[in-house]
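Good morning, colleagues. Please look at the model on the screen while I describe its fold and its nonpolar cores.

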Amino acid sequence: MGNLRLNEQGGALLITLCLLVMLTMAAIMAVNTAQTDIELSFNQLQSDQAFYVAEAGLRRAFVQLNDDNDWNTGYANVSFENGLYWVAIVDSFTDVDLVDTVKIRATAKKDEGFANLEAVVVPTYEYPFQWAVYSEQNINLGNNTCTDSWDSELGDYDATVDSTDGDIASNGTITLDEIASVGGDVSTSVDSGIFVGINADVWGTTTDDVPEFHLDPITQEDMDWAASVSAASTGMSGDYTYNMADTSLTVGATEVVTLQSGVYYFTDITLENSAVLEIAPGADVIIYMTGSLTLEEAAQVNPTQPPPSLLIFSTGGIYTQGQDTEISAAFYGPDAELVLENSCEVFGSIVANTVDMTNIACVHYDKALSEVRGKKTGEMKMVAWREF
């Protein structure tokens, strides 16, 4: 019996020792796991801190790009919150496929943590043709004048015409009289600046408290560039008179001139009775001019192609002097004084300093022009970003 008790005591001791070893190993493993978790947490903390340092560099570069759209020098070894960041700018100078897109790449180091960020930045543009008629100063519609809208991307005028988007707007007063009809909204920034006569109609809403919107000027630099690249000597065909000395264009009675794709610079353009200025099928034409576009009886500008095919930027004006004239184009003239009269029809958009419409003149706004871009605003916007 004594030997049996000794054997049992030895077995218990052995089991106890085994349990102690197992518990010790478990404790050691727990300590190692905890140490690993601490190290992982510390590494994650440093990586997170590096991320925020990289983001600081990226945000700084974004602000700098908005201050100077041509900036591309980047930053190197910049200290921030006990870390360092580097920023590289990738644009069309280093990658021609980017065109006007800019990539901001920011790298940061914080102790043992690293982070890499990339943002995609693009310029914002003006979209100047958002109305049937826009005037910096004032708009006067009278004697059976009208606006409405259509969409050349969906069909011709007769198939897509409606009375919802032929909007007119101004920073000044707007006067509608003598059976004037606006197939859209009327808005101004002048309190009580809209006058609607008893026989006039507005199909949309009238608003007299919109913020002022000022047009970007056509600069001398713009004009000099247009003159330097003008296709007037090579891009026109048909019957016309082009005066190379003063860069004026005259299309005589019943004559037809056709313009191929390109930029053209003129002082004055005159279309005599039944003259036609055509845009070649599929062509895109931009005209810069400093004088007047004058249309005599039954003259036509771009009668066969949609309005977005012809953009006219002018420091002069449009004066329609003859009956039954027609223009299919977008006209932008922040200093221009426009007179539309005598059964003149404009298929497109009018943006000018002052606009006077009388005697059955109508503007049929082409909604496809709302997507036509103008100049860059100078503001850059971030459209995507990633961590890599």
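**Burial, strands and cores**

Of the chain's 388 residues, 44% count as buried, meaning under 20% relative accessible area with a 1.4 Å probe and protein chains only. This is a predicted model, in which local features need pLDDT of at least 70 and side-chain atom pairs count only at pLDDT 80 or more, while totals for chains, interfaces and linings use all residues. Residues are numbered from 1 along each chain as its sequence is written, and side-chain values use heavy atoms, with hydrogens and water left out.

The chain holds 3 helices and 29 strands; these are DSSP runs, helices being H or I of at least four residues and strands E of at least two, numbered from the N terminus.

Consider strand β16, residues 248-251. Strand β15 (residues 241-243) runs antiparallel to β16, joined by 3 bridges; pairing requires at least two DSSP bridges. In this hairpin, with 4 residues between the strands, threonine 247 adopts a positive phi near 55 degrees. β16 also pairs with strand β19 (residues 269-271), in the parallel sense and over 3 bridges. Threonine 250 of β16 stands opposite threonine 241 and also opposite threonine 270 in β19.

Which residues touch the most other members of the largest nonpolar core? They are Phe266 and Ile287, in a core of 72 residues. Such a core is a set of buried Ala, Val, Leu, Ile, Met, Phe, Trp, Tyr and Cys residues joined through side-chain atoms within 4.5 Å. Strand β26 (residues 326-340) gives the most to this core, 8 residues. Apart from it lies another core of 23 residues, including Val53 and Tyr85.

Terms used. Buried < 20%, exposed > 50% of the residue type's maximum accessible area, 1.4 Å probe, protein only.
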